[in-house]
Amino acid sequence: MKNEAIEQLKEALSFSPDNIPLRLHLADLMEKGLMLDDAASEYQEVLTRNYGNEKARKGLANIYYKQKKYSAAIMVFEALMADKMLAGLEFIPFVKCLIKEESYREATDIYQKVLSQIPNFKDEEIDSVLRIGNAMGKKDRNVFNDNDEFDDEEDDDEFGETFNFIMEKPNINFSDVGGMENIKKEISLKIIQPLLKPELYKAFGKKTGGGILLYGPPGCGKTYLAKATAGEIDAKFINLGLHDILDMWMGNSEKNLHEIFSQARQNAPCVLFIDEVDAMGASRNDMKNSSMRHVINQFLSEMDGVEYNNEGVLVLAATNAPWSVDSAFRRPGRFDRVIFVAPPDVEGRTEIIKTLLKNKPTDTIDFVAISKATEEYSGADLMAIVDIATEYKLEESLLKGEIANITTKDLLKAAKQHKNTTAEWFSTAKNYALYANETGLYNDILTYINKKK
């Protein structure tokens with residue numbers, strides 16, 4: 001049934017197409033009526049006729065959020081924030097978009113702005129992810145032992161306040177990781193073999209434990225590789241983001257870090273994986289926030305193991321921006337091995353696509369053709385391609401009333417629709433590799449780029 005008010009506004013706009021207030025009112029009514037595509041079109045039309053219109057930009061950002069187009073919404077919200085057009089609760093959908101895209105550091109920073117403006121504000125969805133407020137005497141630790149029971153005794157330890165992180169036992173290993181043979185070999189030599197053959201390494205003065213920094217474009221399997229490393233040695237695995245460590249109360253972030261390392265030591269062998277380490281390891285000289293410098297110093301102290309024994313604690317970290325990581329993180333005994341994780345090669349892409357298509361209805365797939373069409377695609381890009389091809393076939397199956405198999409043609413079509421997301425990263429990385437590579441840290445990037453020419 002047509003909405004009479006909307007139809008009247010449309011008719012009015014046909015006689016006065018440049019009437020911006022009228023068009024904004026129409027878009028607002030469409031949004032309230034859940035006519036999201038139509039509302040987005042009207043907001044875009046306003047911006048075409050009145051570039052930079054604040055209400056249209058905010059409306060479009062919120063429409064994208066409701067449509068679950070989180071990346072597009074983030075771009076609009078970021079522009080609005082840069083123009084200082086957001087305040088108070090207007091940040092909330094922005095924070096939720098960042099959480100959906102797993103950009104926890106930015107989400108935490110922006111959410112803290114909201115809390116500084118509205119101190120008593122609470123949002124269950126956001127709080128459950130970012131752990132904001134857990135330091136206020138709330139007993140909410142979620143660390144599991146082998147029996148998946150809560151360790152209640154430690155709730156009353158010297159740290160008092162608690163937080164969440166999960167320890168797991170991965171059921172994957174290096175055989176589940178497609179390609180990356182050289183990387184797996186480096187990880188094995190650096191942190192796996194010393195653990196499996198400690199006497200041999202001790203004869204050469206080498207301890208078990210240590211750190212590796214993985215860097216490269218987003219979506220190329222750094223987290224999966226870290227989890228497979230734990231599975232390779234039947235070790236516990238702790239996966240941390242900055243949101244697991246940072247606390248809005250002074251001093252609690254350092255306590256969180258100490259508790260995480262303590263749990264890893266008590267459960268050795270244990271792989272401690274830290275994602276987006278650049279968020280914590282940014283140059284201390286550039287930091288205006290003294291509390292963050294304390295967090296970095298605490299982390300480095302824990303890694304050095306001066307007061308505690310780190311035998312059997314393997315620390316892996318990942319970053320998309322190695323140029324932002326403080327050089328202190330790369331000193332011997334810390335992340336002294338830095339490994340470039342490139343987009344999967346032909347064999348790797350084939351293995352990933354095969355895995356993604358497993359248990360899905362398919363015709364005979366020409367994996368060679370798919371691999372050639374997806375040069376420099378990340379694992380996340382390949383997942384997007386399979387998802388798009390699956391949606392094609394779901395729609396076709398609904399129309400036909402029977403299951404339609406995914407074909408090579410569907411996957412190639414999906415690859416044309418979804419372009420690789422690594423190009424922008426390589427554009428930035430190339431500049432660092434060419435002009436800020438005094439130590440040779442980025443030689444692997446140049447080698448990879450030159451091979452593609």
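# Chat about a predicted model

Modeller: Cys 97 is buried, with a relative accessible area of 0%. Keep in mind that this is a predicted model.

Biologist: How does Cys 270 count, buried or exposed?

Modeller: Cys 270 counts as buried, at 0% relative accessibility.

Biologist: And how many disulfides are there?

Modeller: The count of disulfides comes to zero.

Biologist: Let's zoom out. How many helices and strands does the protein chain have?

Modeller: The protein chain has 21 helices and six strands.

Biologist: What share of the residues counts as buried?

Modeller: Of the 453 residues in the protein chain, 49% count as buried.

Biologist: Now contacts. Take those between residues at least 6 apart in sequence: what share joins residues at least 24 apart?

Modeller: That share is 67% in the protein chain.

Biologist: Can you give me one pair? What separates the C-alpha atoms of Ile 191 and Leu 314?

Modeller: Their C-alpha atoms are separated by 6.6 Å. Along the chain, Ile 191 and Leu 314 are 123 residues apart.

Biologist: Where does Ile 191 lie?

Modeller: Ile 191 lies in helix α9, residues 181-196. Ile 191 counts as buried, at 0% relative accessibility.

Biologist: On to the nonpolar cores. Which residues of the largest one touch the most other members?

Modeller: Met 280, Phe 299 and Ile 445 do. That core has 44 residues.

Biologist: Which helix gives the most to this core?

Modeller: Helix α15, residues 290-304, gives the most, with five residues.

Biologist: What does Ile 445 touch, leaving out residues up to four places away in sequence?

Modeller: Ile 445 touches Tyr 215, Phe 340, Trp 425, Ala 429 and Ala 433.

Biologist: Which residues are in the other core?

Modeller: Leu 24, Val 46, Ile 74 and Tyr 111 are among them. This other core has 43 residues and lies apart from the largest one.

Biologist: Why would such side chains be buried together?

Modeller: In soluble globular proteins, nonpolar side chains tend to do that.

Biologist: New topic. Where is Arg 23?

Modeller: Arg 23 is in helix α2, residues 20-32.

Biologist: Is Arg 23 buried or exposed?

Modeller: Arg 23 is buried, with a relative accessible area of 8%.

Biologist: Which side chain does Arg 23 join in a polar contact?

Modeller: The side chain of Glu 42, in a polar contact of 2.8 Å.

Biologist: What else is Arg 23 in contact with, leaving aside neighbours within four places in sequence?

Modeller: Besides Glu 42, Arg 23 is in contact with Leu 13, Pro 17, Glu 45, Val 46 and Arg 49.

Biologist: How do the two compare with the surface cut-offs? Is Asp 18 buried or exposed?

Modeller: Asp 18 is exposed, because its relative accessible area is 55% and exposed means over 50%. Arg 49 counts as partly exposed, at 38%.

Biologist: How many salt bridges does the structure hold?

Modeller: The structure holds 20 salt bridges.

Biologist: What about Asp 28 and Lys 32?

Modeller: Their side chains meet in a salt bridge of 3.3 Å, N to O. Asp 28 and Lys 32 are four residues apart in helix α2, so about one helical turn separates them. Asp 28 counts as partly exposed, at 21% relative accessibility. Lys 32 counts as exposed, at 62%.

Biologist: Which residue forms a salt bridge with Lys 393?

Modeller: Glu 396 does, with the closest N and O atoms 2.9 Å apart. Both lie in helix α18, residues 379-400, three residues apart. Lys 393 is buried, with a relative accessible area of 9%. Glu 396 is partly exposed, at 25%.

Technical notes. Residues are numbered from 1 along each chain as its sequence is written. This is a predicted model: local features need pLDDT of at least 70, side-chain atom pairs count only at pLDDT 80 or more; totals for chains, interfaces and linings use all residues. Side-chain values use heavy atoms; hydrogens and water are left out. Helices (H or I, at least four residues) and strands (E, at least two) are DSSP runs, numbered from the N terminus. Buried means under 20% relative accessible area, exposed over 50%, partly exposed in between (1.4 Å probe, protein chains only). A polar contact is a pair of N or O atoms within 3.5 Å; within protein, one must be able to donate a hydrogen and the other to accept it, and residues adjacent in sequence count only if both atoms are side-chain atoms. Contact means heavy atoms within 4.5 Å. A nonpolar core is a set of buried Ala, Val, Leu, Ile, Met, Phe, Trp, Tyr and Cys residues joined through side-chain atoms within 4.5 Å. A salt bridge is a side-chain nitrogen of Lys or Arg within 4 Å of a carboxyl oxygen of Asp or Glu. A disulfide is a pair of cysteine sulfur atoms within 2.5 Å.
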